[in-house]
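The following exercises are to be worked through with the sequence and the structure in view. Each task is followed by a solution in steps.

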Amino acid sequence: MPTNASTARIVTATAALLPLTLALSTPADAAAVPKGTVAARVVKIVDGDTIDVVRGTTKIRVQLLGVDTPERGRCWSRTATARTAALLPPGTTAHLLTARTPGVPPSHVWNAKGVHVNRNLIRYGYGKAVPFKPDDGYKSLFRTEQAKAKAEKLRIWSGRCDTSTSTPTPSPTPTPSPTPPPPAGTDPRFRTCAEANAAGYGPYRRGIDPEYAWYQDRDGDGVVCER
């Protein structure tokens, strides 16, 4: 969701994200969070690139800087929103690096595990890279990540819609692994997550679904075979 004048109503609240000298809660991967961030509690996921947080008693609407996910009702909108919710579950800590532009509240956001959420959404095809001057220090990195997502034809770059009924679904070609056999009560085991998704299976969560161990968690977010 590109930044526009509608964000003016929350500019005053944005001051709650400063100063940058306040103590932060320590994330699981502190080294991944740059200096100058401030901690806030996630209270709501509005859409793929917009969240509500609270600092003290102040509720603040934050737009993710440098990334634009599909608008509500468009292809991949729900999927992008679900991805952001998985990376920033309500009640967890977000680490914010707010835009320096006067009157503009967008931020780079890292979750409690040290994952740069803006970058993650671009890398895995949930949103486009949109440089925002003068706060575009991650412009080159985001363009590189977007090029990878395009090359791999991930989600918004796949040429299909996650909610469309007009796009034919490929016939599944499951190839269960002969060893070890799947535990009783689990889904069929496929060679890839793409095959599992095509057959209507997934996602699988670490520590909850035994099927999680069958596939590679490339982004380390504890979820595989996201649809």
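Predicted model: local features only at pLDDT ≥ 70, side-chain atom pairs only at ≥ 80, totals over all residues.

**Exercise 1.** Describe the chain as a whole: state how many helices and strands the chain has, and in what pattern they follow.

*Solution.* 
Step 1. The count gives five helices and nine strands.
Step 2. Along the sequence, these elements follow the pattern α-β-β-β-β-α-β-β-α-β-α-α-β-β.
Step 3. The chain has 227 residues, of which 42% count as buried.
Step 4. Among contacts with a separation of 6 or more, 59% are between residues 24 or more positions apart.
Step 5. The accessible surface amounts to about 11900 Å², and 54% of this surface belongs to carbon and sulfur atoms.

**Exercise 2.** Identify the buried side of helix 4 and state what covers its buried residues.

*Solution.* 
Step 1. Helix 4 comprises residues 139–151, which are 13 residues. From first C-alpha to last, helix 4 reaches 18 Å, close to the 18 Å expected.
Step 2. The buried residues in helix 4 are F142, E145, Q146 and A149. Because these residues cover an arc of only 105 degrees around the axis, they lie on the same side of helix 4.
Step 3. The face turned away from that buried side carries the exposed residues S140, R143 and A151.
Step 4. The cover over the buried residues of helix 4 includes strand 6 (107–110), helix 3 (117–123) and strand 7 (128–129).

**Exercise 3.** Examine K153, which comes just after helix 4. Is K153 buried or exposed?

*Solution.* 
Step 1. K153 has its place in the loop between helix 4 and helix 5.
Step 2. The phi of K153 is near 55 degrees, a positive value in a residue other than glycine.
Step 3. The relative accessible area of K153 is 57%. A residue is exposed when this value is over 50%, so K153 is exposed.

**Exercise 4.** Which element contributes the largest share of the lining of the largest cavity?

*Solution.* 
Step 1. The structure holds one cavity of 30 Å³ or more, and the largest cavity has a volume of about 60 Å³.
Step 2. Its lining includes G66, H108, K139, F142 and R143.
Step 3. The largest share of this lining, three residues, comes from helix 4.

**Exercise 5.** Locate D217 and list its contacts beyond its neighbours within four places in sequence.

*Solution.* 
Step 1. D217 lies in the loop between strand 8 (204–205) and strand 9 (223–224).
Step 2. Leaving those neighbours aside, D217 is in contact with R206, Y212, G222, V223 and V224.
Step 3. D217 has a relative accessible area of 16% and is buried.
Step 4. The C-alpha atoms of D217 and R205 are separated by 9.8 Å, and these residues are twelve residues apart along the chain.

**Exercise 6.** What kind of peptide bond joins G202 and P203?

*Solution.* 
Step 1. P203 lies in the loop between helix 5 (193–198) and strand 8.
Step 2. The bond joining G202 and P203 has an omega of about -5 degrees and is cis. Most peptide bonds are trans.

Terms used. Residues numbered from 1 in each chain as written. Heavy atoms only, no water. Helix = DSSP H or I, 4+ residues; strand = E, 2+ residues; numbered from the N terminus. Buried < 20%, exposed > 50% of the residue type's maximum accessible area, 1.4 Å probe, protein only. Contact = heavy atoms within 4.5 Å. Areas by Shrake-Rupley, 256 points an atom, 1.4 Å probe, with all protein chains shown as cover. Expected span 1.5 Å × (residues − 1). Arc of directions from axis to C-beta. 1 Å grid on protein atoms, 1.4 Å probe; cavity = no way out; pocket = protein on both sides within 12 Å on 5 of 7 lines; lining within 4 Å. Points joined across faces, edges and corners; volume = space filled by probe spheres on them.
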